[in-house]
Amino acid sequence: MSKSLKRVRAALDNAGLPIDIHETNGARTAQMAADAVGCDLDQIAKSIIFRAEATGTAVLFLTAGGNQVDIAKASALVGEPLGKADATLVRNQTGFAIGGVSPVGHLNPIKAFIDRRLLDFDMVWAAAGTPNHVFSINPSQLPELTQATPADFTE
């Protein structure tokens, strides 16, 4: 088991959430992940990281699989312009590689927002620290678990 996967498992265990982690065999898109676990596209909680341009910090947007982040709305939420986060920023902030960023188990605290669309479901699936692993969770647990603020930031 990779260090990243172990960190996600530990974060879930520490939160008292006995959650199963599933392998997706390299799902590279939200649709591929949805197909792998047999759920609706919007039940995939994508972890999208942007770089806050003024401060240089990473910001996490947990987004329903079929939604896209509206950069203007997201920037307004954060209070500064957002840009593309490079692999180094993502790895340094979260400890995860792009494509496997989990909403939990980050190396460092991160400002986070959650797409209200995810809260419409009884269960959603999120990356478990690798591009090949996901876990299911009741989305009502995500705001507290991730310290994410529910917000409108999608197109």
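## Charge over a ring

Arg7 sits over the face of Phe96, 4.6 Å from the ring centre. The criterion is NZ of Lys or CZ of Arg within 6 Å of the ring centre and within 35 degrees of the ring normal.

The model is predicted: local features need pLDDT of at least 70, side-chain atom pairs count only at pLDDT 80 or more, and totals for chains, interfaces and linings use all residues. Residues are numbered from 1 along each chain as its sequence is written, and side-chain values use heavy atoms, leaving out hydrogens and water.

## Aromatic cluster

A search of the whole structure finds three aromatic pairs. Rings of Phe, Tyr and Trp (its six-membered ring) pair if their centres lie within 6.5 Å; planes under 30 degrees apart are stacked, over 60 edge-to-face, the rest tilted. Phe50 and Phe61 have ring centres 5.8 Å apart and planes at 80°, so this pair is edge-to-face. Phe50 belongs to strand 2 and Phe61 to strand 3, so the pair ties together parts 11 residues apart in sequence. Strands (E, at least two residues) and helices (H or I, at least four) are DSSP runs, numbered from the N terminus.

Phe50 counts as buried at 14% relative accessibility; Phe61 does so at 0%. Buried means under 20% relative accessible area, exposed over 50%, partly exposed in between (1.4 Å probe, protein chains only). Phe61 and Phe113 have centres 5.4 Å apart and planes at 15°, so they are stacked. With Phe61 in strand 3 and Phe113 in strand 5, that pair ties together parts 52 residues apart in sequence. Phe50, Phe61, Phe113 and Phe153 form one aromatic cluster.

## Strand 5 and its partners

Four of the five residues of strand 5 are buried, so the rest of the structure largely encloses this strand. Strand 5 pairs with strand 3 in the parallel sense over four bridges. Pairing requires at least two DSSP bridges between two strands. Leu60 has Ala112 of strand 5 as its bridge partner.

Strand 8 (residues 148-151) also pairs with strand 5, parallel, over four bridges. Here Ala112 stands opposite Ala148.

## Nonpolar cores

The largest nonpolar core has 29 residues; Val8, Leu12, Ile49, Leu118, Val124, Phe135 and Ile137 touch the most other members. A core is a set of buried Ala, Val, Leu, Ile, Met, Phe, Trp, Tyr and Cys residues joined through side-chain atoms within 4.5 Å. Strand 3 gives this core its largest share, four residues. Apart from this core lies another, of 11 residues, including Phe61, Val69, Ala74 and Val78.
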